[in-house]
Amino acid sequence: MVRTARILPCGDSALSVEFGDAIDPDLNGKVLALEDLLLASPPAGLIETVPTYRSLTIQFDPTLTDYDALAAFLTEKAATIAPRNAIGRRWRVPVVYGGAFGEDLDEVAGQHGLSPQQLIEIHSAAIYRVYMIGFMPGFAYLGGLDPRIATPRRTQPRAKIPAGSIIIGGAQAAVMSIEGPSGWHLLGRTPVRSYAPERDPAFLLAAGDEVVFQPIDAFQWASLERAALAGELVAELVTP
Amino acid sequence: MTELVVKTCGPMTTLQDRGRLGYQRFGVSPSGAMDKRSLALTNALVGNAPETAALEFMNLGGTLAASGGDLRIALAGAGATLRIEGTAIPPHTTAILRDGETAEIGHARTGTFAYLAVAGGFAIAPQLGSLSFHPRSKLGGHNGGSIQPGDRLPCRAEAQEGAPVHFTGDLPQLPDTIRVMLGPQDDYFTEDAIRLFLESEFTITPQADRMGFQLSGPKLDHAKGFNIVSDGIVDGHIQVPGAGHPIVLMRDRQTTGGYPKIATVISADLDHFAQLRPGSPVRFRAVSREEAVAAAREAKAWIAALPDALIPVRFALTTEHLLSTNLIGGTVNALAPKVADA
């Protein structure tokens, strides 16, 4: 896909550099590479940057930032930038699948003509990539779901699902970061808290990270849950 | 430790400062005061930096008492009134709340959000760099929540001395239209929708809170559907979901979203927009980047000049006294006999 990046105004205090309108690892890699470049020599007045699937939103103080210079810099760099491929971190996240931990597992497996065990194997065999974090604190949108188990969202969203829910919706996968509403399907639950305001670090994942899921049983759950509540990460860094 | 004791308050009373910057990449809303200009004014009156955390009252006022020492306080925004032990404090004037005395904050009259600042600020630890309470993130606030009756807010005991001051400057002129810059996704709308958006009157609906203000008015049609691949959101973005009715995204907004944004309220007009009450009409006008940036410079200069627009109050703090010394500019007694033009 060759398309010139577009600079989109977001009022006087922000802009978005849009590389495309698809969910695609190359587009996302360019977003992250451009952000790296910008943060390496931040322009005067820069407030913060928000990388998403396919665009980089940049917030700045319009009384300090030279908009024309910033737009020219971004246009020039965006045209030639290579996707960031050095993925830094891969997290192994333990998951109890099915039963009370993942009440949609059997139904989703049925929809695809799979046994629950086959669904677990397919879901836990993939390497997921964190495309972006949004929607709620620490909520990581994961790409890499095996197309065989892509499942349209529920017609009736749930008002509340627990933090740590392992969910899929359409072609996307995620770990619920805090308790909240969701129209995605619940396959399991992890004791890992991807967001814990009192913990250092408060956020487990960043855009560009990778995630793999490791099935565990309900016995292992209890001790890991205790450790997580005591402020431990529980997720493990593994070598890619 | 001097404390501000909350006796009564409305359900949406929160601590707010400039907001939590730098964590949107982790999905954390910036939050912050809905009307940062009023926050700056009330802080200036007690000698604080413009973005120091203050109590934000939404619609309803409350009663507060000083405990363990005296406090210098001030109130601004939403036309709310301040009384201490029953005595009215003139608008935009510092007041001393003596140990044991009670301050009464009236309900909002001309807007929605009022701010009460304490000299020296609150002795409450920030979370991720801010005291601003954001319910969904469970960050900031006092004891991790909004302000509740019975709360005792510890105050830094600094800067409680000095004469009260009164703000004598002009409040910024309220624009009769809210200025916007088109984009980022104005190309997702029909030409008719853009024209309707800029030429029609909309109404603020009761669905207006710290996250966003839902508007009613003519339906705005999408030209390319109403789902986009989620991208970044900023304060003042005007998103238009499938039903075609705009929502102006405010301080507690999400950080990313999947509806097209037709336009963005310019930063200088967002404080004013935040004070529009449900039922208020609102019109939008598209402006150039040059005009928006010039307005941002003006707004910043107004805040920077606040300390120069304060004069000491040397008399008893009564409205009558201030009226007699002509400290309150522009106040008219509607009951007074009309004086013939000189």
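Student: Among the contacts in chain B with a separation of 6 or more, what share comes from residues 24 or more positions apart?
Tutor: This is a predicted model, so local features need pLDDT of at least 70 and side-chain atom pairs count only at pLDDT 80 or more, while totals for chains, interfaces and linings use all residues. Residues are numbered from 1 along each chain as its sequence is written, chains are lettered from A and ligands numbered from 1 in the order in which they are written, and side-chain values use heavy atoms, with hydrogens and water left out. Contact means heavy atoms within 4.5 Å. Counting chain B contacts with a separation of 6 or more, the share from residues 24 or more positions apart is 77%.

Student: Why does the radius of gyration of chain B agree with a compact globule?
Tutor: The radius of gyration is taken over C-alpha atoms, and the globule rule is 2.2 Å times the number of residues to the power 0.38. For 342 residues, a compact globule would come out near 20 Å, and that agrees with the value for chain B, which is 21 Å.

Student: How much of chain B is buried?
Tutor: Buried means under 20% relative accessible area, exposed means over 50%, and partly exposed is in between (1.4 Å probe, protein chains only). Of the 342 residues in chain B, the buried ones make up 57%.

Student: How many helices and strands does chain B have?
Tutor: Helices (H or I, at least four residues) and strands (E, at least two) are DSSP runs, numbered from the N terminus. For chain B, the tally is five helices and 23 strands.

Student: Is B:His166 buried or exposed?
Tutor: Start with its place: B:His166 lies in strand β12 (residues 165-167) of chain B. With a relative accessible area of 3%, B:His166 is buried.

Student: What is the relative accessible area of B:Met34?
Tutor: B:Met34 is in the loop between β2 (13-16) and α1 (36-45) of chain B. Setting aside residues up to four places away in sequence, B:Met34 touches several residues, including B:Glu56, B:Phe113, B:Asp209 and B:Met250. B:Met34 is buried, and its relative accessible area is 0%.

Student: Which residues does B:His107 contact, leaving aside neighbours within four places in sequence?
Tutor: Look in the loop between β9 (102-105) and β10 (113-118) of chain B, where B:His107 lies. B:Gly61 is 46 residues away in sequence, yet the C-alpha atoms of B:His107 and B:Gly61 are 4.5 Å apart. With those neighbours left aside, B:His107 is in contact with B:Asn59, B:Leu60, B:Gly61 and B:Ala80.

Student: Where is B:Pro184?
Tutor: A cis peptide bond, with omega about 10 degrees, joins B:Gly183 and B:Pro184. You'll find B:Pro184 in the loop between β13 (178-182) and α2 (191-199) of chain B.

Student: Which residue does a cis peptide bond join to A:Pro201?
Tutor: Go to the loop between β12 and β13 of chain A, the place of A:Pro201. Omega is about 10 degrees for this cis bond, and the partner of A:Pro201 is A:Asp200.

Student: What is phi of A:Val234 near?
Tutor: A:Val234 sits in the loop between α5 (218-229) and β14 (236-238) of chain A. At 16% relative accessibility, A:Val234 counts as buried. Its phi is positive, in a residue other than glycine, and is near 70 degrees.

Student: Which residues of α2(A) make the contact with α1(A)?
Tutor: On the α1(A) side, the contact is made by A:Leu34, A:Leu37 and A:Leu38. From α2(A) come A:Leu70, A:Phe73, A:Leu74, A:Lys77 and A:Ala78.
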